[in-house]
Amino acid sequence: MEALTLRSTCLLVWATVGLLANGQSAPDASGLPRAIRVPLRQSARAEQPTPLPPAAAANLERGNAGKRHASRKRRGAAAAAVATRGISFVDMIDNLRGKSGQGYYVEMAVGSPPQKLNILVDTGSSNFAVGAAAHPFLRRYYHRSLSNSYRDQGRSVYVPYTQGRWEGELGTDLVSVSHGPNATLRSNIAAITQSDRFFINGSNWEGILGLAYADIARPDEKLEPFFDSLVRQTSVPNLFSLQLCGAGFTQNYSLGSATVGGSMIIGGLDPSLYAGELWYTPIRREWYYEVIIVRIEVNGQDLNMDCKEYNYDKSIVDSGTTNLRLPRKVFQAAVKAIEAASSTEQFPSGFWLGEQLVCWQAGTTPWHIFPVISLYLMSENHNQSFRISILPQSSTGTVMGAVIMEGFYVVFDREKKRIGFAVSTCHGE
C-alpha cells in the first residue's frame with residue numbers, strides 16, 4: 001500500500017512463473033529516474049507453468065501447482081533451516097493469513113497486558129498503525145486506556161494512500177509478533193481514530209505494519225519505523241523475507257474465513273520456502289523498496305522503450321498493493337503489444353483500465369490467448385539482469401489477479417541493500 005504520490009494507471013496481469021538470468025548489459029544506473037511498481041499480491045492460484053526457454057546462466061522453473069503441503073509437513077522442513085544469530089524460524093512458518101485481494105496479515109500483541117490484533121503486512125509504507133476506535137469493519141480494536149505501557153506522544157498523524165486514508169494520534173507501546181522472534185520492543189504506534197476507505201469489510205485485519213524506510217514515515221522521517229526499532233532494540237538481523245501463497249493455501253484459520261496464507265520470516269530466510277537460487281537486485285534508494293527495471297517484454301518482444309520510461313517515477317516492491325502499476329506511456333505501449341500478440345484487440349478499452357469486465361462461462365476462460373509478460377530487473381552485477389516472467393493462469397473470484405510476489409519467495413535484505421527473488425515452494429509437492 002503506497003503512501004500518496006504520483007498515481008499511475010494500472011495494468012492487471014496474470015501469474016508468476018520463474019526466474020531467468022540474463023546476460024545482457026544493464027543501462028548505467030546513474031541519473032535513472034524512479035520507475036513503475038512491482039506489486040506483490042494476486043488473487044489466484046497458478047496452473048502448471050509452461051517451461052521457460054534455456055538461459056545463459058540459470059533456469060528456475062516453478063514446480064507443478066497443487067494443494068499446499070500441510071502446515072505440519074512444512075514446519076518440519078523449516079526445522080532444518082539455518083538459524084540466524086540463534087533465531088529459530090520454525091514458528092514463523094505459515095504465520096500469515098488473509099483473503100484474496102485484501103492483503104496478508106500477521107498477528108501481533110500490543111500493550112500490557114497484550115491485546116492481540118491482526119496487522120496488514122505492507123512493504124509500501126512505513127507507519128505502524130492500528131484501529132483505536134469502533135468501526136463497522138473492525139471486530140476488535142486497540143484500547144490504549146487498557147495498556148499500562150502506553151505512552152502518549154502528544155502528536156497527531158495523517159496518512160493518505162493511493163486508495164484510502166487515516167488519521168490518528170501518535171504514541172509508543174510494547175509490541176511483539178505472536179509467531180515471530182522471541183522479542184518484545186517499544187515501538188512507535190499510531191492509534192487510528194478516523195479513516196476513509198482504509199479498513200476493508202471482512203478482511204479480518206485491524207491495522208497496518210509499514211515495513212519500508214523512515215524517509216516515507218508520517219508525519220516526518222524522524223519517526224522511527226517498527227522494523228528499525230526491532231533491529232535497534234533486539235538481536236534480530238536487519239532483513240526479513242516473505243512467501244505469499246495466494247488462493248492455493250488450504251489451511252483453515254480461526255474464523256474459517258481466511259483464503260490465502262504465507263510466511264513472514266523476520267531476521268532471516270528459510271531454505272524450505274524456495275527452490276533453486278536467489279537472485280538479487282539492488283535497492284536503489286532507501287525510502288520505498290525501490291528497484292530498477294531495465295526491460296519489459298510481451299511474448300518475447302521488447303517494448304524498446306528508454307529505461308527511464310520504465311522507471312518513472314519509481315519502481316517499488318510493495319506487498320500492500322494488488323496490481324502491476326505502469327507509467328502511462330509504458331502502460332499504453334504494453335496494451336498495444338498485448339493486443340498485437342493476442343486475440344484481445346476486441347476487448348473494450350475499459351477492460352485495461354479495470355473499468356469493464358470480459359467474462360466467459362466458468363471453466364472456459366481462454367487463458368491461452370494472453371501473452372507472457374516479462375520484467376527484467378538489474379542484478380547485483382550491474383552488467384547483468386534477471387527476468388521475472390508472468391504467464392496466463394486460471395483465477396478464483398476475479399477474472400485476472402495481480403501477480404508478482406505470489407510466485408516468488410522475496411527477501412528484503414536491508415543490511416546489504418538488496419532484494420532477492422527465488423521460486424516459491426508454496427504449491428510444490
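Predicted model: local features only at pLDDT ≥ 70, side-chain atom pairs only at ≥ 80, totals over all residues.

Q: Which residue in β11 is the bridge partner of Val130?
A: That's Ala191.

Q: And how many bridges join β10 to β11?
A: Eleven, with strand β10 (residues 165–177) and β11 running antiparallel. As an example of facing residues, Thr172 stands opposite Asn188 in β11.

Q: OK, switching to cysteines. How many disulfides does a search of the whole structure find?
A: One. Cys245 and Cys426 form it, with their sulfur atoms 1.9 Å apart.

Q: Where do Cys245 and Cys426 sit in the chain?
A: In distant parts of it, 181 residues apart. Cys245 is in the loop between β13 (239–244) and β14 (260–266), while Cys426 is in the segment after β23 (418–424).

Q: Is that disulfide left-handed or right-handed, and why?
A: Left-handed, because the torsion about the S-S bond of Cys245 and Cys426 is about -80°.

Q: Is Cys245 buried or exposed?
A: Buried: its relative accessible area is 1%, and the cut-off is under 20%. Cys426 counts as buried too, at 1% relative accessibility.

Q: What about Cys307, buried or exposed?
A: Cys307 has 8% relative accessibility, so it counts as buried.

Q: And Cys359, buried or exposed?
A: Cys359 counts as exposed, because its relative accessibility is 53% and the cut-off for exposed is over 50%.

Notes. Residues numbered from 1 in each chain as written. Heavy atoms only, no water. Pairing = 2+ DSSP bridges. Helix = DSSP H or I, 4+ residues; strand = E, 2+ residues; numbered from the N terminus. Disulfide = S-S within 2.5 Å. Buried < 20%, exposed > 50% of the residue type's maximum accessible area, 1.4 Å probe, protein only.
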